[in-house]
Amino acid sequence: MVSRFADDQYLVVMNVNTHHRTLVVPGHERLLTTLRERFHLFSPRYGCGTGHCGACVVLVNGEPVPSCLLLTVRQQNGVIETLEGVEDDAIMTRLMTAFAEEHAAQCGYCSPGLLLSARHLLKSCPNPTQSEIQTELSSHICRCTGYYAPLRAIIKVRDSHAMD
Ligand code: FES
Ligand code: FES
């Protein structure tokens, strides 16, 4: 349960990239703002602010969600992961290498959200079909790559994964 601290100020406890965090936030503050401005985690980015572009996607209790839509006060006892927290794990390392090899990151603005969603897909469904990958990609807007490069990169990791 969230404690009301003062007028429109709430005490929230959450876990961010394995660190226990206690903070006081106004009721209207979005998780994206909290992550960037309080914790200096800059991989989640502001794009549309309406849940459509995927630039702000982070993992909340293991699921990829747009952090621009979430109120921080609603994340009491939540487990939040950003790219900074998972960039060294095996699947993410492969994805980042494949994105570089396939030129799937150009300006890079969309990349953290895209990478987190791709990692989630490969962890929850190790052998996704092309159509399942395209469905995952459809919740992200990339202005640079035309989507084929990220698709190729994710397929490359899926196939290398299958050969392990
Ligand atoms: S900024 Fe959150 S989905 Fe676009
Ligand atoms: S790489 Fe530029 S928006 Fe996706």
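**A chat about the fold**

Modeller: Let's start at Gly27. Setting aside neighbours within four places in sequence, Gly27 is in contact with Asp8, Tyr10 and Val73. Keep in mind that this is a predicted model.

Biologist: Where does Gly27 lie?

Modeller: In the loop between strand E3 (19-26) and helix H1 (31-38).

Biologist: Is Gly27 buried, exposed or partly exposed?

Modeller: Partly exposed, because Gly27 has 14 other C-beta atoms within 10 Å. Buried would take 20 or more, and exposed means 12 or fewer.

Biologist: And how far is Gly27 from Arg4?

Modeller: Their C-alpha atoms are separated by 9.4 Å. Along the chain, Gly27 and Arg4 are 23 residues apart.

Biologist: On to H1. Which residues of H1 are buried?

Modeller: Leu31, Leu32, Thr34 and Leu35. They sit on the same side of H1, because they cover an arc of only 170° around the axis.

Biologist: What covers the buried residues of H1?

Modeller: The cover includes E3 and E4.

Biologist: What comes just after H1?

Modeller: His40, with a positive phi of about 55°. His40 is in the loop between H1 and E4.

Biologist: Is His40 buried or exposed?

Modeller: Exposed, because His40 has 8 C-beta neighbours inside 10 Å.

Biologist: Now the strands. How do E2 and E3 run?

Modeller: Strand E2 (residues 9-16) and E3 run antiparallel, joined by eight bridges. For one pairing, look at Leu11: its bridge partner in E3 is Val24.

Biologist: How many residues lie between E2 and E3?

Modeller: Two, and the strands form a hairpin. Asn17 is in the turn, with a positive phi of about 50°.

Biologist: How does E2 run with E6, parallel or antiparallel?

Modeller: Parallel. Two bridges join E2 to strand E6 (residues 79-81). There, Asn15 stands opposite Val79.

Biologist: What about E4 and E5? How many bridges join them?

Modeller: Four, and the strands run antiparallel. E4 covers residues 57-60, and E5 covers residues 63-66. Val57 stands opposite Pro66 in E5.

Biologist: What do E4 and E5 form?

Modeller: A hairpin, with two residues between the strands. Asn61 in the turn has a positive phi of about 50°.

Biologist: Which residues of E5 are on the covered face?

Modeller: Pro64 and Pro66. Glu63 and Val65 are on the uncovered face.

Biologist: Let's zoom out. What domains does the assignment give?

Modeller: The domain assignment gives domain 1 (3-82) and domain 2 (87-162). Their centres, taken over C-alpha atoms, are separated by 24 Å.

Biologist: How many residues are in contact between domain 1 and domain 2?

Modeller: On the domain 1 side, 12 residues are in contact with 11 residues of domain 2.

Biologist: What gives the most to the domain 1 side?

Modeller: E4, with three residues.

Biologist: And that side by class?

Modeller: The side of domain 1 that touches domain 2 has eight nonpolar, three polar and one charged residues.

Biologist: Last topic: H3. How many residues does H3 have?

Modeller: H3 has 12, residues 90-101. From its first C-alpha to its last, H3 reaches 17 Å. That is close to the 16 Å expected at 1.5 Å a residue.

Biologist: Which residues of H3 are buried?

Modeller: Met92, Leu95, Met96, Ala98 and Phe99. They cover an arc of only 165° around the axis, so they are on the same side of H3.

Biologist: What is exposed on the other side of H3?

Modeller: Ala90, Ala100 and Glu101.

Biologist: And what comes just after H3?

Modeller: His103, which takes a positive phi of about 55°. His103 is not a glycine either. The loop that holds His103 runs between H3 and helix H4 (111-124).

Biologist: How exposed is His103?

Modeller: Partly exposed, because His103 has 13 other C-beta atoms within 10 Å.

Note on methods. Residues numbered from 1 in each chain as written. Chains lettered and ligands numbered in written order. Predicted model: local features only at pLDDT ≥ 70, side-chain atom pairs only at ≥ 80, totals over all residues. Expected span 1.5 Å × (residues − 1). Arc of directions from axis to C-beta. Pairing = 2+ DSSP bridges. Domains from an automatic or database assignment. Contact = placed C-beta atoms within 7 Å. Nonpolar A, V, L, I, M, F, W, Y, C, P; charged D, E, K, R; others polar.
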